[in-house]
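User: I would like to learn how to read a few features of a protein model. Please take them one at a time.

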Amino acid sequence: MEMAATDNNPNSGDVPSPSSSSMPEFTEIQFGKFKISSSQIFFLSKSHLTAAIVNLRPIVPGHVLVVPTRVVPHLSQLTNDEHDDLWRSVRMVQSMLETKYDMNVSTNSGGFNVAVQDGKVAGQSVPHVHVHILPRSPGDFEQNDDVYDELEAWAPTEAMSIQKLEDLKEASASLDVPEDEDRNNRTMQMMEDEAMAYRSLLYPSDGLID
């Protein structure tokens, strides 16, 4: 699993922003075998190569996924344009989340885990490249590294999560994996409301902020 715990301010430097652009017309995308409703998508890059979606089973508030719009299993299979667009999009979404959750990573009042599980043996539950972005705050886990166990056990649906947990327990009796009942599916309305809140920050020129 490729993992980066970032503590540099994503608002510093030349972070591209979509806020000067009109909100794109969001349409349904495919995430592996799953169809993602347009109402659960909150970001689409100008090239339409990358989208960001809310999460049915977030590990922490603000846990979102950034994905290429083309179904591609591995990072190495992305075109150069897709790869570059994906990581530019990660920076934009991360910057938005810092604003949304009133974080200041430069003063250590918050931070992010940014992770890619590239391949099944690395914990990838959906054979489609996806970047996890998890806003972090002090004390959000009993042990700071518990987030890695949570990511290892993450899956987009309850049934997949149960199977993944069973596989993990069989693979290593010593691995401390979270119990599935500790995290419940959210409602579609909750996910749509979250997506709308993120859109209002990414595309304020469309008048979505009161």
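This is a predicted model: local features need pLDDT of at least 70, side-chain atom pairs count only at pLDDT 80 or more; totals for chains, interfaces and linings use all residues.

User: Is Leu-78 buried or exposed?

Analyst: The cut-off for buried is under 20% relative accessible area. Leu-78 has a relative accessible area of 9%, so Leu-78 is buried.

User: Which residues is Leu-78 in contact with, leaving aside its neighbours within four places in sequence?

Analyst: They are Pro-68, Arg-70, Val-72, His-83, Leu-86 and Val-129. For Pro-68, the separation is 10 residues in sequence and 8.5 Å in space, taken from C-alpha to C-alpha.

User: How should I read a helix?

Analyst: An α-helix has 3.6 residues a turn, so residues three or four places apart point the same way. In this model, helix α1 covers residues 80-100, 21 residues in total. From first C-alpha to last, α1 reaches 30 Å, close to the 30 Å expected at 1.5 Å a residue.

User: How many residues does the largest nonpolar core have?

Analyst: It has 48 residues, and those with the most contacts inside it include Phe-42, Val-93, Leu-97 and Ile-133. Helix α1 supplies the largest share of this core, six residues.

User: And how is an aromatic pair read?

Analyst: A pair of aromatic rings is described by the distance of the centres and the angle of the planes. There are two aromatic pairs in the structure. Phe-26 and Tyr-203 form an edge-to-face pair, at 6.3 Å centre to centre with 70 degrees between the planes.

User: Why does this pair tie together parts that are apart in sequence?

Analyst: Phe-26 belongs to the loop between β1 (2-6) and β2 (29-31) and Tyr-203 to the segment after α4 (188-202), so the pair links parts 177 residues apart in sequence. Both Phe-26 and Tyr-203 are buried.

User: What about the rings of Phe-42 and Tyr-198?

Analyst: Their centres are 4.9 Å apart and their planes at 70 degrees, so this pair is edge-to-face. Because Phe-42 lies in strand β4 (residues 41-44) and Tyr-198 in helix α4, the pair ties together parts 156 residues apart in sequence. Phe-42 is buried with a relative accessible area of 0%, and Tyr-198 is buried with 1%.

Methods:
Residues are numbered from 1 along each chain as its sequence is written. Side-chain values use heavy atoms; hydrogens and water are left out. Helices (H or I, at least four residues) and strands (E, at least two) are DSSP runs, numbered from the N terminus. The expected span of a helix is 1.5 Å times one less than its number of residues. Rings of Phe, Tyr and Trp (its six-membered ring) pair if their centres lie within 6.5 Å; planes under 30 degrees apart count as stacked, over 60 as edge-to-face and the rest as tilted. Buried means under 20% relative accessible area, exposed over 50%, partly exposed in between (1.4 Å probe, protein chains only). A nonpolar core is a set of buried Ala, Val, Leu, Ile, Met, Phe, Trp, Tyr and Cys residues joined through side-chain atoms within 4.5 Å. Contact means heavy atoms within 4.5 Å.
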